[in-house]
Every structure is written in C-alpha cells, then in structure tokens.
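Visitor: Some terms used for structures like this rest on cut-offs. Please take me through how they apply here.

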Amino acid sequence: MSPTVLSVLLALLPAVPLAGSLAALSPRTTPRRLGPAATGLTLLLAIAVAAGYDYGRHGLQGQTDASWIPSLGVRFHLGVDGISLPLLVLTALLTFLCAVHAERRPPHGPGARPRTGLLLVLEAGMIGTFAAQDLILFFLAFEFVLIPMYLLIARWGDDGAPVAGRHPAKEALRAPPGPAQGAANRFLLYTLLGSVLMLVGFLLVGLHAGTFDMPALAARHGAGLGHGTQLAAALLIGIGLAVKAPMWPLHSWLPDAHTAAPTIGSVLLAGVLLKMGTYGLVRILVPEVPYGTRQLAPYLAAFGVVGILWGALVCLDMVRRRAADLKRIIAYSSIGHMGFVLLGIATLTPAGLNGALFANIGHGLITGLLFFLVGAVKERYGSADLAVLEDGSDAGAALYRRAPRLGGLLALGAIAGLGLPGLAGFWGELLALLGSFHADPALGHRTTYLVLMALGGLGTLLTAGYLLLMVRRVCMGPPAVPPVARHHPSEEALRAPNSPEPAAEPGIPDASRFELGVWAPLVALTAVAGLWPAVLLRLTDPAVTALLGPR
Amino acid sequence: MTPALAALVILLPFAAGTVGLLTGRLAPGLARPLAVLPTALSAALAVVLAVRIGSGQADFAAPLTPTGGWSAGRDMPISLAFHLDGLATLTAVLVGVVATCVQIYSTSYLRDDPRYRSYAAVVSFFTSAMLLVVLTGDLVVLMVGWEVMGICSYLLIGHHWEKRDARSASLKAFLVTKLGDVPFLFGLFLLAFDAGTFRIDGVLTAAVNGRIDHPTLAALLLLAGAVGKSAQFPLHTWLPDAMAGPTPVSALIHAATMVAAGIYLIARLHPVFLASGAALLVLAVLAAITMIGSALCALAQDDVKRVLAYSTVGQLGYMAGALACGDRDAAAFHLLTHGAFKALLFLSAGVLIHAAGTNSLAAMSRIRGLRHRAPDAFWCLTIGLLALAGIPPFSGFFSKDAVLAAAEHATSGTFHAPPTGDVTGLVVPAAAGWTVLLSGLLTALLTAAYATRLWLLAAGSPTPTLTLAAGADSGADSRPQPVENSADPQLTAHQPTHQPAHQPAHQEAADAAHEPPAQRWPLWALAVPSFALGLAGLNTHWLPALLDQVGLRPATTTAVPSLACAVLGVLAGWGAARARPGADPGRTLLGPLHAPAVRGFYVDAAYSLMFVRPVLGAARLARFLDADVVETYVRGTAATTRGAGAAVRRAQTGNIQTYLGVLLAGAVVIGILVVV
C-alpha cells in the first residue's frame with residue numbers, strides 16, 4: 001500500500017465517526033443502524049491501516065501534516081507507529097462491539113439517537129488522541145473525550161436502583177443528582193483538573209522548544225530544554241496523565257465512574273480511556289522530557305506498585321464481604337493492572353516499556369470482556385451485587401450450572417485477569433517485572449526497583465487470590481436442591497437428586513448467540529495475544545527503542 | 001523431523017483440548033475419542049522421540065518474540081526452543097503413558113458426569129502443559145507451561161465445585177503453588193540476567209562454566225517454585241487437600257504432572273544447584289523434613305486418598321534428596337517408577353472407593369470381602385503397595401535404593417557427575433548426604449508400615465459376604481455428593497464421593513460395573529512397569545542408556561539396610577494390627593503423635609496465622625483507608641473550594657462604601673510598601 005493511501009486511511013479514521021455523529025443529528029437517519037455502521041466502517045478502516053502498515057519500516061507512517069494555527073505554530077499532524085497502531089485497532093474494535101451491544105441491549109436512559117451520537121464523538125476523540133502527533137492536537141482530542149463520556153455516565157448510568165419497581169417510593173424521594181450524576185461530576189472535575197496541569201506542561205515544553213510537533217520533540221530527546229523546565233513539565237504532564245491512568249492516589253474517580261456507567265461506558269472507560277493516560281506517558285513524557293522523566297520515574301514506579309497492592313487488597317476485602325458490587329471489584333482491579341503499566345514505564349527499559357504497552361492492550365481486551373460479562377450478569381439478576389447473586393446461600397451463585405457458558409467465560413476472564421501465561425494478561429506483567437529487575441542504570445535506585453519488583457510479584461499473588469475468590473462466589477456454589485428440599489432438608493430429599501438434570505430453579509438464561517458473538521473477538525484476541533506475543537511486541541519493540549533514544 | 005516430533009507431542013493434546021471445548025455441544029459423541037486418541041498418539045510419539053534421542057542431546061530453537069531486554073540494542077528474545085535429552089524424553093514418555101491411562105480410565109469413571117467434556121479437555125491441556133515444561137528449551141516458555149498446569153490443577157481439583165472442600169482445595173492448590181511461583185519467576189530473571197539468555201542450554205553452559213554470579217540466590221529462588229509444585233515442606237499443604245478432585249485427576253497430578261514438574265525442574269537445571277553447596281544443603285534438609293513428616297501423617301490419615309497423597313509427598317522427598325546428593329539419574333529413576341506405581345495406586349484405589357462407596361479406611365475395613373468385589377483393583381493395589389514399600393523385586397525397591405546409594409556416595413563427598421562439561425567447581429556437601437541417607441532409611445521403615453496398614457484396612461478382610469453398610473452399594477456413578485450444607489468440613493471430606501445409583505437388588509450388575517474394562521486395562525498397563533521398571537536399571541544398556549549411562553544397580557551397602565527397614569516396617573504394621581485387632585494400627589504405632597499427625601502437624605494453622613490473617617487484615621485496612629481517608633481529601637478539596645467560593649461571595653456586598661474603603665486601604669498598603 002502506498003504511503004499516500006495509508007495517510008488518507010488514517011485521516012479518515014477519526015473523520016468517519018465524527019461525520020457519523022453529525023449524521024446522528026439529522027432526523028432522517030436511523031440511529032439503530034447508524035451506530036454499528038459507522039463504527040463498523042471505522043473498524044474496517046483501522047484493519048486496513050494495520051494491513052497497510054509497513055512492519056519492516058520504523059518511525060511514523062501514514063502522516064498527514066498540515067499547518068493549522070500558524071500563529072501558535074500548531075499543526076494538524078496525524079501519524080501512526082508501532083505504539084499507537086495496536087491502540088487504534090483496539091479502540092475501533094471495542095467501540096464497534098459497544099455500538100452493536102448497545103443496539104441490542106440498550107441501557108436505560110434517553111433515546112438511541114443521542115447515545116449513538118455521543119458514542120461516535122467519543123470514538124473520534126479516542127482515535128484522535130492515539131493518532132495525534134502535535135501536542136495541542138493531542139490535548140484537544142484528549143479533552144474531546146470527556147464530555148461524551150460524562151454524559152454517557154450521567155444520563156445512561158445506573159443510579160443503583162434496585163430491581164425495577166421494588167421501591168418506587170424511595171426512588172421518588174431520592175435527590176435529583178443520583179450516584180451516576182455524582183460519579184460523572186467527579187470524573188469530569190478530576191480529569192479536567194489534571195488536563196489543566198497537562199496543558200500548562202505542554203505550553204512549557206512547546207514554548208521553550210519552539211514547536212509542538214511530537215516527532216520533532218521526541219527526536220531531540222530533550223535537547224534544548226533546561227533541566228528545570230524538563231522537571232516542571234514532566235511533573236505537570238505526568239500528573240495530568242496519571243489522573244487518567246489512574247495512578248494511586250489519584251484513582252478515586254474511577255470506581256464510582258465504572259460502577260455507575262452503563263456497560264458500554266465501563267467497557268470503553270476501562271478498555272480505552274485509561275490507556276490514553278499511559279499512552280501519553282510513553283509517547284510524550286519518556287522521549288520529550290527525558291531528564292524530567294528520569295527524576296520522576298522512581299516515584300512513578302513506587303506509586304504504580306502501591307496501586308497494584310492497593311487495588312488487590314481492596315478487591316480482596318470487597319470480595320470477602322457479603323454484599324459487594326462486581327463492577328466495583330473489576331473497577332478496582334483496573335487500578336492494580338494499570339499499576340503494572342506504570343511500573344513498566346518507570347523502568348525506562350525496552351522490556352518495561354514493551355510490557356507497559358502490551359499490558360495496555362491486554363487489559364483493554366480482558367477488562368473489556370469482564371465488563372461485558374458482568375453487564376450480562378447484571379442484566380439477568382437486576383444487580384451485580386454478590387449478595388443478590390448468591391440469593392441467601394452463603395456458598396456461591398453457581399453460575400457454572402445456571403448459565404454454564406456465561407460462568408465459564410467469566411472464569412476465563414478472571415483467569416486471564418490474574419495473568420495466566422498463554423493469555424493476554426501475562427506478557428505485560430512479565431515484561432514490567434523483567435524491566436524492573438534491572439531498571440535503566442541511569443536511574444540509580446537498583447535496590448528500590450528490586451523491592452518494587454518483589455512487591456509487584458506479591459501483587460500478582462493477591463490478584464490471583466481475589467479473582468479466584470470472585471469466581472468461587474459467582475461461578476461455583478451449592479448443588480441444585482429440588483424446591484421441596486429447600487424447605488425440608490430431610491434425609492430423603494438429600495438422597496433424591498439422582499436424576500441427571502437438576503430440578504428447576506429460578507431460570508437464568510445462558511449467554512445468547514448474540515452475546516457470544518460480541519464477546520468472541522475479545523476472547524479470541526486474548527488467546528492470540530497470549531499465545532503469540534510477537535504480534536504486538538514486534539510492533540512495539542522498535543518503536544520503544546527509538547523512544548528511549550541513544551544512551 | 002525431531003523438532004516437528006517434539007512439537008507434535010505437545011500440540012496434540014493441546015489441540016484435542018481446544019477442539020473438545022469448542023465443539024463439545026455440537027458433537028457429544030466425539031468427546032471420548034477426542035480425549036483418548038490424541039493423548040495416546042502423543043505418548044507413542046514421545047516413545048519414538050525417546051528412542052531417537054537416546055542418551056544424546058539436541059537443541060532446536062525458533063524465535064517466539066522479542067522482549068526488548070534491559071537496554072536498547074541488547075534484546076533478550078524468547079524462543080520456541082526444545083532442549084531434548086534422555087531426562088526430557090523419558091519424562092515425556094511417563095507423562096504421555098500415565099495421561100493416556102488416566103484418560104481411558106476417566107471415560108468409564110466419569111461416564112455419567114455432565115461435565116465430562118470440559119473435564120477431558122482440561123486434562124488434555126494439563127498434559128500438554130506438562131509436556132511443554134518437559135521438552136521446552138526456554139525458561140519463559142517453561143514458566144508458561146508451569147503456570148498453565150497450575151490453573152488446570154485448580155480447575156480439575158475444583159471439578160466437584162458443589163462441594164465446599166473442593167472449592168477450598170482448588171483455591172488453595174493454586175495460591176500455595178503460586179506463592180512459590182513468584183520467587184521462581186525472579187529466579188528465572190536472575191539466571192537469565194547472569195547467563196544473558198533465556199535459553200536453557202545457554203544457562204546450563206553458563207552454570208557449568210561458573211558464569212552464574214549468584215548461584216545460591218538463583219538456586220534458592222528456583223527452589224521455592226519447585227518446592228511449591230512438588231509439594232515439599234513447607235509448601236506441601238495443598239496436595240493432601242487436592243484429594244477433593246476426582247480420583248483420576250489425583251492419579252494424574254500425583255504421578256506424572258504437576259508434582260513431577262518441580263523435581264524435573266531441579267534436575268533440568270541441576271548444574272545451577274550443584275554450583276551452590278548451600279542450596280543443596282537446604283534442599284536436603286527440606287527433603288528430610290518432608291519425607292519423615294509426610295510418612296508420619298500418612299500413617300495417621302483415615303481417607304485412603306489422603307494416605308496416598310502424603311505418600312506422594314514423601315516419595316517426592318526421596319527424589320529431592322537424590323538431587324540434593326548430586327544424582328540426577330537416581331531422581332529421574334525414582335520419578336519414573338513412582339509415576340507408574342503411584343498412578344496404579346490411585347486408579348486402583350478409585351475402583352475400590354467405588355466398590356466400597358466410601359473413602360474412609362475405617363469404613364472400608366468394616367466391609368467384608370471388598371477384595372472379591374474388585375479383584376483386579378485389589379491385586380493392582382497390592383502390587384502398587386509392594387512397590388511403594390520397596391520390597392524387591394518391585395520397581396520401588398530399585399529406585400529407592402538408587403537414591404540411598406547416591407546419598408551414601410555423597411557422604412564421602414563424591415557424586416555422579418552431570419554429563420555437561422567441566423564440573424570442577426561443583427561440590428555436594430557431605431552433610432546433605434548424611435541427612436538424606438538417615439532420613440531416607442527412617443522413611444523407608446515408616447513407608448512400609450503405612451503401606452501395610454493401608455493394605456490391611458482397605459482390602460484386608462478376605463471373607464466374601466453381602467452384608468454391607470447402608471448406602472455402600474455404590475455403582476460407578478461419579479456424580480458429586482449432593483450434601484453441601486454439612487457443618488463439619490472434616491465430615492464432608494469423609495463422605496463418599498459417589499452417590500448410590502444402583503439398588504441392592506441389582507447387586508450382580510453392580511459388581512460387574514465395579515471394574516469395567518476401561519478401568520481394568522489401564523490398571524494392568526500400569527502394573528507392568530510398577531513391577532518391572534526397576535529391573536530396567538540393572539543393565540547399563542537398558543534404562544541408563546537413555547540417561548547418563550551411570551549404573552542404577554542396587555549397592556549392597558544401602559540395599560541391605562533399606563530392605564531391613566522395609567521388612568521391619570511391614571512387621572511393625574502387621575504386628576500392630578495383630579496386637580489390637582479391630583483397632584487402627586496407625587493409632588497404635590504413632591501413640592501421642594497421632595493427633596498432630598492427623599492434622600498435618602498444624603502447618604495449615606501456621607499458614608493461617610502467618611500469611612492469611614495478616615493479608616486479610618491488610619485488605620481491611622486498605623479498604624478502610626480507601627473509603628475513608630483518600631475520600632476525605634477528595635471531599636476536603638471540594639469543601640475548600642466551596643468555602644473559598646463562599647468567602648469571595650461574602651466580599652461582594654454590593655456596598656460602594658465598603659469597596660472604596662478596601663480600595664483605599666489597599667492603596668495605602670501598597671504606598672507604604674513602595675516607600676519602605
């Protein structure tokens with residue numbers, strides 16, 4: 001494929017969803033078809049970009065570089081390389097799956113038209129973030145994402161309402177801004193605060209270096225920027241991006257937002273939005289202000305590892321309580337997983353950065369799948385609360401029996417989430433730990449990194465612990481007891497279940513064909529990335545080596 | 001040709017598992033052939049591979065992925081490599097053969113299980129992962145197989161997830177082994193860092209040439225993983241609980257996969273361990289504690305599967321001891337014979353458990369004529385126990401003696417040198433030799449005693465009668481016990497795994513169903529090597545020709561004391577049973593040690609105190625901090641903002657006089673500042 005065609009394709013990538021969102025405004029379009037069609041077209045374009053990408057050539061490809069705001073030196077510069085290509089494809093895939101899912105299983109809220117429009121705006125912003133090669137353009141795209149996600153959480157979010165119609169009186173009494181509105185507000189304010197700092201950092205870099213062009217800045221590796229400037233810029237940009245990642249202790253927007261968001265919101269939030277933060281760290285912080293990054297890296301690593309342990313411990317405590325929201329558990333698990341990404345970045349080694357980028361994709365696939373699955377559970381039970389699922393029994397919800405395919409997939413998601421080798425979660429964690437075994441010598445702090453590595457290893461153990469405890473409570477459970485025996489557990493009743501099929505119990509429909517179709521790509525890619533890690537690492541490795549620059 | 005063969009050995013069961021999971025509902029008739037045939041073919045190919053490789057060595061590699069390494073331009077690629085030698089190929093044969101027997105046996109044992117399909121697929125994955133560990137030539141790929149095995153064991157042990165003890169045991173198995181796997185991973189990093197590669201041949205070369213800078217640390221970290229997988233003290237506690245899984249799974253885990261992996265790993269990376277006397281001594285001490293402790297526990301257990309589980313722990317201790325004494329071949333020899341006779345013991349015990357309808361030895365001893373209801377299983381159990389007790393000419397005698405001979409060698413500081421290169425820097429401490437030798441002899445005595453006890457209780461009463469305990473007339477139905485809400489987990493563990501499916505009126509039919517051919521033939525297939533495999537070591541052209549060509553013939557200095565210990569143990573067990581008829585000979589022999597031995601010397605309680613409770617406390621603390629402290633500063637920020645807003649609002653009174661007054665005051669202050 002000629003470079004020009006690739007440029008056109010890449011430029012179309014954010015344009016198609018943007019045009020789709022405008023089309024959604026027109027009353028003549030049918031939003032039910034528009035959403036899947038526009039996101040599907042975007043996915044095809046993303047696959048075409050991946051197919052047209054020249055794997056043998058390093059550096060940016062498919063560039064569009066046009067003057068945009070000459071007075072400020074801001075350019076409209078798009079491009080793709082081994083770091084952004086996987087994220088672009090992941091974004092297009094997850095958005096497409098969300099669009100398809102939302103048409104069949106629409107979340108409660110205002111109609112399909114605004115939802116479709118917002119989803120497309122969201123996609124344009126996410127793709128723009130990963131394709132932008134100009135700091136200001138990156139910032140705009142980064143901010144562009146906030147409003148649609150805010151509205152998705154606030155308007156289509158779950159206000160923690162119990163099973164429909166059970167407490168109408170309480171419903172009416174609740175103050176107008178429900179938990180979803182509160183969570184959305186917090187998400188918006190938190191991220192905006194971070195973004196403001198980030199913008200100041202960008203201006204600092206851009207004005208001192210005389211350009212906002214990211215490849216140019218990256219190629220300089222900080223030349224021409226004083227140490228003080230670098231440190232200040234790294235701190236400002238770092239905090240802005242760390243809020244998004246989220247890094248402990250700036251994470252407290254995340255659990256509420258994830259819990260309140262509708263399924264598609266949670267999937268995109270965890271699958272793509274968090275990655276925008278870590279992508280920014282790799283793309284901007286590491287190559288453009290290397291001195292500042294080196295100064296901050298040990299702290300970033302330490303906060304990342306605290307996040308790993310913190311997320312795991314909080315999940316462990318939640319999963320042992322009688323009542324705990326599954327979505328909240330998965331949300332907290334994201335803090336731990338993103339901790340590995342932060343640790344990998346902070347090692348400033350090729351292995352660590354490769355691991356961070358791999359973990360980005362792995363987490364997007366796995367947590368996306370988990371949020372879809374938990375959403376399906378919530379649809380069936382009317383709640384994702386463990387106490388509701390278990391329905392009074394203290395032994396588990398026995399999803400393996402009630403809905404074997406759903407239960408099996410949930411167990412698979414949990415197993416992938418705990419970093420089992422052969423699935424996508426493993427390589428990111430492995431490489432992040434490998435990197436911290438011998439972090440960049442220029443950082444000093446060898447012992448610190450070794451301790452952090454050991455603590456990260458402990459984190460994998462704790463993660464395995466709470467995920468398997470979750471499987472135990474959701475998927476496993478007591479045997480089916482016939483309705484009679486439930487009330488009279490007599491000797492006879494205990495011996496009775498000889499029949500191969502258990503007696504009828506409150507029916508839970510198993511995963512439908514439609515649902516399996518939506519989840520299948522995520523399951524397949526989780527396995528492919530796990531079994532053949534070179535798919536991603538061959539892409540990221542040369543790009544990462546270039547980012548780190550000559551040492 | 002050879003690499004393709006090795007790849008096929010691994011991929012066949014993997015493909016079978018994948019296809020089985022994906023197509024199961026569409027073609028239920030395919031489940032059984034899909035479970036058995038690829039595994040059997042894989043075993044056959046493993047035999048071909050073993051013959052082709054012989055005592056030679058072969059390395060093949062293809063790149064899997066770059067990692068980037070620790071600095072730019074110095075990549076540490078991960079490769080799809082094979083490191084093949086006699087140790088690898090023989091272990092692969094063992095894995096293939098035992099897995100095939102287990103799959104065949106399972107077709108009958110779990111024939112009415114609604115979850116047979118996923119069960120068979122996971123067993124296939126399990127087999128494939130173990131074969132990957134055995135044949136791979138890359139440390140990271142080894143780690144992949146290693147952990148996949150862990151999750152497969154979790155799934156299989158939790159097969160009867162309706163039972164509380166199965167749920168707990170599955171979780172425990174995974175977490176306890178993972179506790180060892182974390183240091184193990186760091187050990188791999190350290191080895192790879194020192195050797196500059198993840199390839200096993202590179203690491204071995206580096207170890208032999210003394211290029212591993214921290215051999216003791218690396219060996220101890222690796223040891224943690226091996227100890228976890230091979231259920232050595234102090235990470236052994238998952239194995240006895242793992243009995244909650246179906247019996248064929250126990251056979252698979254105990255004989256050929258999972259527990260064998262730890263021993264295999266130490267044998268594979270033996271030069272690294274030989275480079276560190278301290279690590280060898282630690283290994284010897286752990287092996288000694290494991291051997292003696294587990295033998296005492298085995299003597300006290302009531303559940304027949306738990307007795308066998310503890311005996312596995314002890315026999316693995318022998319292998320670890322042999323490795324601590326620098327003799328890889330003796331360890332491999334015992335691994336092979338133990339794999340055969342332990343699989344035989346579990347599978348025949350499974351038949352007996354079906355026939356008796358209970359796991360409990362005390363209950364079994366009250367059933368008269370059990371041996372006549374399942375004669376094949378009875379004889380196979382007997383052969384297996386004779387091999388376990390180390391009675392010649394059964395295989396266990398020869399391999400156990402090889403271990404003891406290695407220990408005896410080591411007491412004088414000599415050892416069978418590994419075949420790779422220069423070994424001048426490698427030493428085996430004499431203390432390790434003495435530790436293993438003495439504990440090995442004591443364990444031989446105890447092993448013979450508990451084997452005798454097991455035999456007397458499980459199949460001892462010869463009179464055939466039909467007076468059976470109520471509910472004990474079990475068929476071969478393996479559906480899990482429906483009793484869930486039993487308050488006492490101990491009680492649940494002792495309840496029969498299998499519920500009655502036949503009425504006493506159909507007693508004849510039920511009797512025939514105790515030993516269907518698919519269960520009988522695997523037993524006899526395993527009985528042959530359990531009996532004869534020991535003889536294969538007699539001639540250096542037989543089994544040793546496939547290993548390092550070191551003789552595995554029994555030596556008089558160790559064979560006589562070990563045989564004496566075994567005979568003494570048998571006599572002790574028998575004498576205790578005679579002295580107090582009707583009583584448990586284990587209780588008589590152990591005396592005051594019985595109560596702690598039943599509970600595994602309270603290791604679980606220690607874990608709960610040292611690990612579980614602190615972690616859960618930390619979890620509570622983290623959640624409290626997250627909910628109440630981190631939140632507080634977030635809310636604090638909001639409150640501050642609101643307060644600031646209110647303060648600013650208050651200034652806007654709308655009173656012109658106030659504004660002017662403040663303006664004037666400000667001007668005066670500025671004026672003063674400028675002047676001064």
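This is a predicted model: local features need pLDDT of at least 70, side-chain atom pairs count only at pLDDT 80 or more; totals for chains, interfaces and linings use all residues.

Visitor: Why is W532(A) called partly exposed?

Guide: The relative accessible area of W532(A) is 36%. Buried means under 20% and exposed over 50%, so W532(A) with its 36% counts as partly exposed.

Visitor: Where is W532(A) placed?

Guide: W532(A) sits in the loop between α23 and α24 (534-548) of chain A.

Visitor: What makes the nonpolar surface patch?

Guide: L525(A), V528(A), L531(A), W532(A), V535(A), L11(B), F14(B) and L80(B) make a patch of about 660 Å². Patch residues need over 30% relative accessible area, and W532(A) has 36%, so W532(A) passes that cut-off.

Visitor: Which elements supply at least two residues of the nonpolar patch?

Guide: α23 (513-531) of chain A and α1 (2-23) of chain B each do. The most comes from α23(A), with three residues.

Visitor: How do you know that the largest nonpolar core lies between domain 1 and domain 2 of chain B?

Guide: The core has 417 residues, and among those touching the most other members are I329(A), W519(A) and L135(B). Domain 1 (2-479 + 495-598) and domain 2 (609-675) of chain B both give residues to this core, so the core lies between them.

Visitor: What is I329(A) in contact with, leaving aside neighbours within four places in sequence?

Guide: The partners of I329(A) include C315(A), M318(A), L386(A), Y466(A) and M470(A). Contact here means heavy atoms within 4.5 Å.

Visitor: How many of the residues of chain B count as buried?

Guide: Of its 676 residues, 60% do.

How values were computed
Residues are numbered from 1 along each chain as its sequence is written. Chains are lettered from A and ligands numbered from 1 in the order in which they are written. Side-chain values use heavy atoms; hydrogens and water are left out. A nonpolar core is a set of buried Ala, Val, Leu, Ile, Met, Phe, Trp, Tyr and Cys residues joined through side-chain atoms within 4.5 Å. Buried means under 20% relative accessible area, exposed over 50%, partly exposed in between (1.4 Å probe, protein chains only). Domain bounds come from an automatic or database domain assignment. Patches are made of residues with over 30% relative accessible area and no salt bridge: like charges are joined within 9 Å, nonpolar side chains (Val, Leu, Ile, Met, Phe, Trp, Tyr) within 5 Å. Accessible areas come from the Shrake-Rupley method with a 1.4 Å probe; for residues, only the protein chains shown count as cover. A salt bridge is a side-chain nitrogen of Lys or Arg within 4 Å of a carboxyl oxygen of Asp or Glu. Helices (H or I, at least four residues) and strands (E, at least two) are DSSP runs, numbered from the N terminus.
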